[in-house]
Amino acid sequence: MRMTIITSNPGKVREYQHYFEGLGIETAHLNVPYDEIQSSDLEEVVRKGMDELKSKGISDFIIDDSGLFIDRLEGFPGVWSAYVQKTIGNEGILKLMGGVEERSAVFKCCIGCNMNGKDIIVTGTCNGVILEEERGTEGFGYDPIFSHDGQRSFAEVRTDEKNDFSHRGNAVRLLLAEMEKIL
């Protein structure tokens with residue numbers, strides 16, 4: 001089985017390759033643009049992206065949309081996480097959280113998979129907190145400021161360990177369970 005990972009983010013590609021190695025699922029990377037609708041719902045964004053890609057004749061692919069939802073900021077940056085990361089980055093989020101004691105947040109990952117003509121959509125989550133400073137060198141995006149255990153940032157955890165509890169890891173496990181039903 002060969003699945004195409006459609007993303008502009010090489011970090012996501014590496015994570016998917018890690019998840020699928022040893023499962024007999026070969027991965028390919030394709031960076032093809034598709035419209036990401038403006039919606040506060042990750043699943044709606046993924047569903048519309050899948051429909052557009054299928055209308056272009058693309059099949060057997062995976063896309064995902066992830067977001068960091070910070071409770072104290074009423075879910076911000078949420079579905080706009082990629083844009084916020086590019087514009088204000090982790091430093092901007094830390095400034096917004098300056099002096100805030102309640103630092104709970106949740107990472108969410110919604111995966112859309114088209115396989116053998118069927119669509120699968122799953123969402124995985126990982127609860128945690130926003131740290132007071134950036135820490136670590138692993139991962140990408142918000143990893144240096146998010147901690148699942150209140151002690152280590154995602155960027156301080158090896159990828160293989162992070163996959164055991166991360167939002168994407170949880171979503172991939174849900175995806176694999178659904179893929180088994182189709183195979």
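This is a predicted model: local features need pLDDT of at least 70, side-chain atom pairs count only at pLDDT 80 or more; totals for chains, interfaces and linings use all residues.
Trainee: Let's start with the overall picture. How many helices and strands are there in the protein chain?

Mentor: There are 6 helices and 7 strands. Read along the sequence, they come in the pattern β-α-β-α-β-β-α-α-β-β-β-α-α.

Trainee: What makes the protein chain as compact as a globular protein of that length?

Mentor: Its radius of gyration is 16 Å, and the globule rule gives 16 Å for 183 residues, so the chain is as compact as a globular protein of that length. If you want dimensions, the C-alpha atoms fill a box of roughly 50 × 35 × 25 Å along the principal axes.

Trainee: And what share of the residues counts as buried?

Mentor: Of the 183 residues, 48% do. The accessible surface comes to about 9200 Å², with 46% of it belonging to carbon and sulfur atoms.

Trainee: Let's pick one residue. Why is Cys113 called buried?

Mentor: Buried means under 20% relative accessible area. Cys113 has 0%, so it is buried. You'll find Cys113 in strand β5, residues 104-115.

Trainee: Which residues is Cys113 in contact with, leaving aside its neighbours within four places in sequence?

Mentor: Cys113 touches Met3, Met50, Phe61, Ile62, Lys118, Asp119, Ile120 and Leu175.

Trainee: On to charged residues. Why is Lys162 called buried?

Mentor: Use the cut-off again: buried is under 20%. Lys162 comes out at 4%, so it counts as buried. Lys162 sits in helix α5, residues 159-162. Leaving aside neighbours within four places in sequence, the contacts of Lys162 are Glu15, Asp143, Phe154 and Val157.

Trainee: What makes the pair of Glu15 and Lys162 a salt bridge?

Mentor: The test is a side-chain nitrogen of Lys or Arg within 4 Å of a carboxyl oxygen of Asp or Glu. For Glu15 and Lys162 the closest N and O atoms are 3.1 Å apart, so the pair passes that test.

Trainee: How many salt bridges does a search of the whole structure find?

Mentor: It finds 15. Another of them joins Arg47 and Glu43, with the closest N and O atoms 2.7 Å apart. Both residues lie in helix α2 (residues 42-55), 4 residues apart, which is about one turn of the helix.

Trainee: Why is Arg47 called partly exposed?

Mentor: Partly exposed lies between the two cut-offs, 20% and 50%. Arg47 has a relative accessible area of 39%, so it is partly exposed. Glu43, at 34%, counts as partly exposed as well.

Trainee: How do you know that Arg135 forms a salt bridge with Glu156?

Mentor: Their closest N and O atoms are 3.3 Å apart, and the limit is 4 Å, so the pair qualifies. Arg135 is in the loop between β6 (118-130) and β7 (146-147), while Glu156 is in the loop between β7 and α5, so the pair links distant parts of the chain, 21 residues apart. Arg135 is partly exposed at 23%, and Glu156 is partly exposed at 36%.

Trainee: Which residues do salt bridges that share partners join into one network?

Mentor: That network holds Lys12, Glu15, Asp64, Asp143, Lys162 and Arg168.

Technical notes
Residues are numbered from 1 along each chain as its sequence is written. Side-chain values use heavy atoms; hydrogens and water are left out. Helices (H or I, at least four residues) and strands (E, at least two) are DSSP runs, numbered from the N terminus. The radius of gyration is taken over C-alpha atoms; the globule rule is 2.2 Å times the number of residues to the power 0.38. Buried means under 20% relative accessible area, exposed over 50%, partly exposed in between (1.4 Å probe, protein chains only). Accessible areas come from the Shrake-Rupley method with a 1.4 Å probe; for residues, only the protein chains shown count as cover. Contact means heavy atoms within 4.5 Å.
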